[in-house]
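Please read it alongside the sequence and the model.

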Amino acid sequence: MVTLDYATLDALRNHHPAWRLLRSDHAPLVASFLHRIFLVPNERVMAAADLAEALEDELYALRLHLGEAAFPKPALEYLNDWAESEKGWLRKFYRTGTDEVQFDLTPATEKAIAWLTQLSERQFVGTESRLLTLFGLLKQMSEGSEADPAKRIAELHKKRDDIDAEIARVLAGDVSLLDDTAVKDRFQQFMQGARELLTDFREVEHNFRQLDRRVRERIALWEGSKGALLEDIMGERDAIGDSDQGKSFRALWDFLLSSRRQEELTNLLDQVLALPAVVDLNPDTRTRRVHYDWMEAGEHTQRTVAVLSQQLRRFLDDQAWLENRRIMDILHGIEGKALALRSTAPTGPVMEMAAASADIVLAMERPMFTPSIKPMITEIILQAGDENIDPSRLFEQVVVDRARLTRHIRHALQDHTQISLHELITHQPLQQGLAELIAYLQLGSEVFRSVVDENTIESIRWQTADMEGQTLIRSARLPRVIFMR
């Protein structure tokens, strides 16, 4: 438990982004806007142009109500200010392969907004469900840590007797039902836990990003041998994966990827949301698909781990590391100076670049359009060749019927809330080989909602024929792809 003494609280007040947000003069704008844009629709990442446009609309409405002098700066300046290290309310970054700025919430901002949501008065505050949850957790810990087989068997016999007694009461017509108050109590407890779980995903992702940042800094400043560095990095990454947080996240991710669990969650949500007591609470429409929001949040976390692994693989695959040692030393020096400037920005110029100029081309310097010269084709007599080539191969082109694959995926998702690519191909084998497999992957990114489990590798096989007509078996290994409704 954290000790909240004066020194700790004073440090949090001065340095923690969540506390800085609550102290800010623009806290109502920041909290309301980020809550509406990111948390309500469970938006994990948003492009700078889209986020700036949404904030500009928000500022326009506020200026009409508060006056033109209320928020004088452009929306993009506010976003960049909120992403500065002094604020730390947004994370500003570039996705791999793009030059467009992206924004995401930081865990501290989400904690501050979650605390603000609890300040509003609630029409109904339930306590019974929390007590039952705490009591159930104590029983799970007590029973799960009991090593005596006799006591475990006795507890199981007691549960069986309780179940038999309840079955007898139901057969006798004595069916005990939860009243509306108990249903509302438990539903509010479920919604709070579901929201906190999404918050935990963002914090776990933040912790993995911090590990990735430390690894990059260590590579940039390392002066020893490559083997020692890799041993140090691998040890820390294994420690993260074997930690309590890593094991808990992996267990949760395996639970979410289970199709049986997904169908069970979907059926339970449909039944609960149809109860009259829950309908009276007017729950959010996204509640019906909250488990898919969990999967999207978990996918982002898995992607963060994949980026870290890719960074390590690039370092491992650097075969010319020793030959280019001089170049690496120069780059490390530049990166080291950049890291030193990150915390304390200099007041004067940092770097001078020679011959920095723009190429100017006047419109009058451009040549006039010159039409292309039509080639003159002379009449010549074609000589007959000796080779007898079958021209039918010119017309044997592979065309994948994407409509057929789309119908197959939709038909499979009618009976299941999610299905893997391996199961789809097992039910309907590939007819056109690798081209059809690539078409499935394109549909997963363009038409359907899908997630990729980087930790599970599946092998997909198909039959093909060689030039002589003999049947061959081809296979491809790729991470598990899961299609969802």
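Leu22 is located in helix α2, which spans residues 17-23; helices (H or I, at least four residues) and strands (E, at least two) are DSSP runs, numbered from the N terminus. The model is a predicted one, in which local features need pLDDT of at least 70 and side-chain atom pairs count only at pLDDT 80 or more, while totals for chains, interfaces and linings use all residues. Residues are numbered from 1 along each chain as its sequence is written, and side-chain values use heavy atoms, with hydrogens and water left out.

**Surface patch**

- Leu22 counts as partly exposed because its relative accessibility is 37%; buried means under 20% relative accessible area, exposed over 50%, and partly exposed in between (1.4 Å probe, protein chains only).

**Aromatic pairs**

- Rings of Phe, Tyr and Trp (its six-membered ring) pair if their centres lie within 6.5 Å; planes under 30 degrees apart count as stacked, over 60 as edge-to-face and the rest as tilted.
- By this rule there are five aromatic pairs.
- The pair of Tyr78 and Trp82 is tilted, because the ring centres are 6.3 Å apart and the planes stand at 45°.
- Helix α5 (residues 75-82) holds both Tyr78 and Trp82, four residues apart, or about one turn of the helix; both residues are buried.
- Phe448 and Phe483 make an edge-to-face pair, with 6.2 Å from centre to centre and 85° between the planes.
- Phe448 lies in the loop between α18 (434-446) and β5 (449-465), and Phe483 in strand β6 (residues 471-484), so this pair ties together parts that are 35 residues apart in sequence.
- Phe448 is buried at a relative accessible area of 10%, and Phe483 is buried at 0%.
- Phe33, Phe71, Tyr78 and Trp82 make up one aromatic cluster.

**Charges over rings**

- A charge sits over a ring if NZ of Lys or CZ of Arg is within 6 Å of the ring centre and within 35 degrees of the ring normal.
- The charged end of Lys87 is placed over the ring of Trp89, 6.0 Å from the ring centre.
- Arg91 lies over the face of Phe93, with 3.9 Å to the ring centre.

**Salt bridges**

- The structure holds seven salt bridges, each being a side-chain nitrogen of Lys or Arg within 4 Å of a carboxyl oxygen of Asp or Glu.
- One of them joins Arg63 to Glu56, with 3.4 Å between the closest N and O atoms.
- Arg63 is buried, with a relative accessible area of 14%, whereas Glu56 is partly exposed at 31% relative accessibility.
- Asp81 and Lys87 form another salt bridge, the closest N and O atoms being 3.4 Å apart.
- Asp81 is partly exposed at 24% relative accessibility, and Lys87 is partly exposed at 24%.
- Asp453 and Arg480 are also joined, with the closest N and O atoms 3.1 Å apart.
- This pair links distant parts of the chain, with Asp453 in strand β5 and Arg480 in strand β6, 27 residues apart.
- Asp453 is buried, at a relative accessible area of 0%.

**Strand pairing**

- Two strands pair if DSSP finds at least two bridges between them.
- An open sheet of three strands has the order β1-β3-β2 with antiparallel pairing.
- At its edges stand β1 (46-47) and β2 (90-94), each with a single partner strand, so one side of each is left without a neighbour in the sheet.
- Strand β3 (residues 101-105) runs antiparallel to β2 and is joined to it by five bridges; Lys92 stands opposite Phe103 in β3.
- Strand β4 (residues 418-420) pairs with β6 in the antiparallel sense over three bridges, and Gln418 has Met484 in β6 as its bridge partner.
- β5 also pairs with β6 in the antiparallel sense, over 14 bridges; Thr464 has Leu472 in β6 as its bridge partner.
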